[in-house]
Amino acid sequence: MAVSAPAPRPDALASRPDRLLAICVVVAGLLSRLPFVDAEEGWFDEIFSIYTAAQSLPEILRGALIEQTNPPGYYLLAHAWNALGGSGVAWHRVLTAIAGALAPALVLLAARRLGFSRWAAVVAAVVALASPFLWQMSLEVRAYAPLALLSAWALWIGAGIATSDEAPRTRAIAGLAGLQVGMALLHYFGAFAVFGLTLGVVAGQRAQRGASWAECLRLLVVLGGPAAVLLATWVGVAFLGGEGLGGRNVAWIPETSAAIALRN
């Protein structure tokens, strides 16, 4: 009677062919993005992001609180990128182009960790690579492409935790929690990705190794708690100390009496 081979561990799924395919996806992503970083003039959101990123760190935080366009994460990232190569629009688009090229490769590796076949993982990567939205956001000085990169990276780590039949390692938990903090800081939309990833990892551990409800609750708090607390603190400070929820960015929307009462 033939004995079937044991299923490969999630960490072992990043084999040499998978890594080579991921590299090919990155190269294709760069070739389809970098030639176009200077194709168009910068527009308002891009110029605003570069202008904000060029300020001192205290001014960046103050400006982000007043405007409330986004949390300050992308402006801080752009500030560091600005220090490397200046404040040109094309240079800042290089950052988002690189992020947009790396994200689909991580989708491929995450799909393999989740047990997808190699070709199914390649299809997932190609769909992400060819996404018109991701391609466009990879050529704009905005937070979306870096958010996609961190989300794909978090998905790769989370897939390893969710599909493991062992208790998650401290380093993996810390890495995922840290990435989710970065996602929440980059854009408010990051909160949705944090929520989905955290629940997915907890559900995976529950299904894979029968983690107790106490373990699941602890994992839920450890993975999603830091991002939730940080984002809630940021919104609270902006709401109570600034122009209200949304700040000057949406000052044309009248506040409700309840919001005014809370602020006062």
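**Elements.** I counted the elements first: the protein chain has 12 helices and zero strands. Reading from the N terminus, I get α-α-α-α-α-α-α-α-α-α-α-α. This is a predicted model, so I checked confidence next.

**Confidence.** The mean pLDDT of the protein chain is 87, and 86% of its residues reach 70 or more. Among the elements, H5 has the highest mean pLDDT (97), and helix H12 (residues 257-263) has the lowest (50). I also looked at residues 1-13, where the pLDDT is below 50. Beyond near neighbours in sequence, that stretch has 12 contacts in the model.

**Whole chain.** Of the 264 residues, 41% count as buried. I then took contacts between residues at least 6 apart in sequence, and 73% of those join residues at least 24 apart.

**Helix H1.** I checked the length of H1, which covers residues 16-31. At 1.5 Å a residue, its 16 residues should span 22 Å. The end C-alpha atoms are 23 Å apart, which agrees.

Which residues of H1 are buried? I found Asp18, Ala22, Val25, Val26 and Gly29. They cover an arc of only 100 degrees around the axis, so they sit on the same side of H1. The general rule I had in mind is that an α-helix has 3.6 residues a turn, so residues three or four places apart point the same way. On the other side of H1, I found Arg16, Ile23 and Leu31 exposed.

What do the buried residues of H1 pack against? They pack against helix H5 (89-113) and helix H6 (118-130).

I also looked up Ala28, another residue in helix H1. Ala28 counts as partly exposed because its relative accessibility is 33%, between the 20% and 50% cut-offs.

**Arg112.** This one is in helix H5. Is Arg112 buried or exposed? With a relative accessible area of 12%, Arg112 is buried. Its side chain is joined to that of Asp18 by a polar contact of 3.1 Å, and Asp18 is one of the buried residues of H1.

**Cores.** I went through the nonpolar cores next. The largest has 33 residues, and those with the most contacts inside it are Tyr74, Ala154, Leu176, Met183, Val201, Leu219 and Leu223. Helices that each supply at least two residues of this core include H2 (44-53), H4 (73-85), H8 (144-162) and H11 (213-241). H9 gives the largest share, seven residues.

I picked Leu219 to follow up. Leaving aside neighbours within four places in sequence, Leu219 is in contact with Pro168, Ile173, Val201, Val202 and Gln205. Ala22 and Val26 were already on my list of buried H1 residues.

**His187.** Where is His187 found? I located it in the loop between H9 and H10. His187 is buried, with a relative accessible area of 7%. Its side chain makes a polar contact with the side chain of Asn70 (3.2 Å). A polar contact of 3.4 Å joins the side chains of His187 and Tyr144. Not counting residues up to four places away in sequence, His187 touches Asn70, Pro71, Ala143, Tyr144 and Leu147.

Definitions and conventions: Residues are numbered from 1 along each chain as its sequence is written. This is a predicted model: local features need pLDDT of at least 70, side-chain atom pairs count only at pLDDT 80 or more; totals for chains, interfaces and linings use all residues. Side-chain values use heavy atoms; hydrogens and water are left out. Helices (H or I, at least four residues) and strands (E, at least two) are DSSP runs, numbered from the N terminus. The expected span of a helix is 1.5 Å times one less than its number of residues. Buried means under 20% relative accessible area, exposed over 50%, partly exposed in between (1.4 Å probe, protein chains only). The arc is that of the directions from the helix axis to the C-beta atoms. Contact means heavy atoms within 4.5 Å. A polar contact is a pair of N or O atoms within 3.5 Å; within protein, one must be able to donate a hydrogen and the other to accept it, and residues adjacent in sequence count only if both atoms are side-chain atoms. A nonpolar core is a set of buried Ala, Val, Leu, Ile, Met, Phe, Trp, Tyr and Cys residues joined through side-chain atoms within 4.5 Å. pLDDT is the predictor's confidence in each residue, from 0 to 100.
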